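Subject: Structure for your review

Dear colleague,

Please find below the structure that I am handing over to you. I would be grateful if you would read the notes after it alongside the coordinates.

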Amino acid sequence: MRHDTDLQAWLVRKNGPLAGTRHLMRGTTLRVGRSPDNDIVIEEAGIVSAHHLEIRRQGTCYLICDLNSTNGTYVNGERVVEKTIEPPCTIRLGIEGPELTLLLDSAPSSEMDQTLVARAAPVPALPPPQPGAAPAIAKEHELLLSSAVARARMLRKRGIGDQTTAIMRDMLNTALHRTSRKFKIVIAALAFALAAVSGYGFWRIEDLKKEKAGLDAQIQNIETLLEKAGQDPAQTDQLIDRLDRYEDQARALQSTLLYRVGVREHEELVGREIRSLMAEFGAETYSIPPEFLQEVNRFIQRYQGSDRPHMQLALGQARGDLETMREIFEENNLPPDLAYMVLVESALSRGESSPAGAAGFWQFTPETAKAYGLKISKGVDERLDIRKATRAACKYIRELILDFGAGSSVMLALAAYNLGPTKVKQAVRKVSDPIKQRNFWYLYRARALPEETREYVPKVIAAMIIARHPDRFGF
């Protein structure tokens, strides 16, 4: 009969390229994350933080602690910060990230000197060769080669070479113990080929990283020049044309297979969230103008400081109203994150009004409200009705998006919601090129938009980022 003292704690990967791999908890603490200094390195998933979680053994109990990860830690579907857990249980890094199982099991019959124990899939037995058929060794060679390539994919990742070595060692040992001398030569050749390919890949990846670093330096230099005041339109156009060329080269390099599988780029939270929103709005840009990023960070700090009561109201007492608005935007086939514009307009305060007579959640003037079907009379003001006002806002924003055409039209619609479509059109028509008139990032860099709008759009983006991750910003 087996006693509990014979059991040891293991983490078993349930998905990803190393599904089925068992990690033994040798000490009292086991750390999991993307950084190479973790006990278990999971670098194949960007959702995993550098230091994501720790599991601590306390006597016969186990405590899981989230290490302030970006996407959270989930135990049996429940998000946790610190919790006592009992094996067996399922642990997920991020709501849709890598999944592991914590379980108790006996130690393997053969001791391993690796944290990772990789179980290679058995090569099936082959029938005796038939006349005219290819030799069995060739068939087995193909099977083992396929298995080796699949399990050696982690060689293309930097920082987890120890795990790759364990996988390959286990596979080669299996092959060498059950094959003929001739096949051992094939395996040795395979190992040499894998090492050569890995060495070339590492060298080429380093070369690509240097090339991209050079392009990024050129791009940042041009962005700095564009921020300087007093530039004439011709000089601005020349700089932006150079910027476009460098960005095209950087994108092409970034899209190569070797770069995508061999390089993991790191960007701070605000920059990542801006890119995520731009992808949602169809306004992707390789380089975020430094001034725009600074403005977004400035407004985030303001929401954490002097404007904190407004954000606390919106994300606390009025959170249900905010969710209702998001649902209405989705019903109208608009990006639901556009609902967060209301945080800048009124901070979800029904009584908010402006000197121009704008009132309600979406700060409609009486004329605009009536134009989009809202009733305003002595006893009725539908600007204060959350559902009716939000549906009217959806109609207005949809018209603005259609009015400004393709490309980054959502960003231009944000500008027009603040300034009014007529004034935005007057501003963009100062640019002679009709294509550039529809490019928000060109207009922003060329300072074609009024200062009020250049502040309004980053403020909306800042509100969106906080609303998407309130816990990361102290709300």
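This is a predicted model: local features need pLDDT of at least 70, side-chain atom pairs count only at pLDDT 80 or more; totals for chains, interfaces and linings use all residues.

The largest pocket holds about 1,100 Å³ of space. Its lining consists of 36 residues, and those nearest the centre of the pocket are Glu265, His266, Glu267, Arg272 and Arg275. Helices α3, α4 (233-254), α5 (257-262), α6 and α7 (290-304) each contribute at least two residues to this lining. The largest share, 6 residues, is supplied by α6. By residue class, the lining of the largest pocket comprises 12 nonpolar, 10 polar and 14 charged residues.

The largest cavity contains about 70 Å³. Its lining is formed by Glu223, Leu226, Glu227, Pro289, Glu291, Tyr444, Arg445, Arg447 and Arg454. Of these lining residues, 3 are nonpolar, none is polar and 6 are charged. Both α3 (181-227) and α15 (440-445) supply at least two residues of the lining, and the largest share, 3 residues, comes from α3.

The axes of α6 (residues 269-281) and α16 (residues 451-468) come within 10 Å and cross at roughly 105 degrees. Angles of 65 to 115 degrees count as roughly perpendicular, so α6 is roughly perpendicular to α16. On the α6 side, the contact involves Val270, Glu273, Ile274, Ser276, Leu277, Met278, Glu280 and Phe281; on the α16 side, it involves Ile461, Met464, Ile465 and Arg468. The residues of this contact divide into 8 nonpolar, 1 polar and 3 charged.

Turning to the strands, β3 (residues 29-33) pairs with β5 (residues 53-58) in the antiparallel sense over 4 bridges. In this pairing, Leu53 in β5 stands opposite Val32. Strand β5 is also joined to β6 (residues 61-66), again antiparallel, by 6 bridges. Here Arg57 has Tyr62 in β6 as its bridge partner. Strands β5 and β6 form a hairpin with 2 residues between them, and Gly59 in the turn has a positive phi of about 70 degrees.

With kind regards

Conventions:
Residues are numbered from 1 along each chain as its sequence is written. Side-chain values use heavy atoms; hydrogens and water are left out. Axes are lines fitted to C-alpha atoms, for helices over the stretch in contact, and angles run from 0 to 180 degrees between N-to-C directions. Angles under 35 degrees count as roughly parallel, over 145 as roughly antiparallel, 65 to 115 as roughly perpendicular and the rest as oblique. Contact means heavy atoms within 4.5 Å. Ala, Val, Leu, Ile, Met, Phe, Trp, Tyr, Cys and Pro count as nonpolar, Asp, Glu, Lys and Arg as charged, and the others, Gly among them, as polar. On a 1 Å grid over the protein atoms alone, a cavity is a set of points where a 1.4 Å probe fits but cannot get out, and a pocket is an open set with protein on both sides within 12 Å along at least five of seven lines; lining residues have an atom within 4 Å of a point. Grid points are joined across faces, edges and corners, and a volume is the space filled by probe spheres set on the points. Two strands pair if DSSP finds at least two bridges between them.
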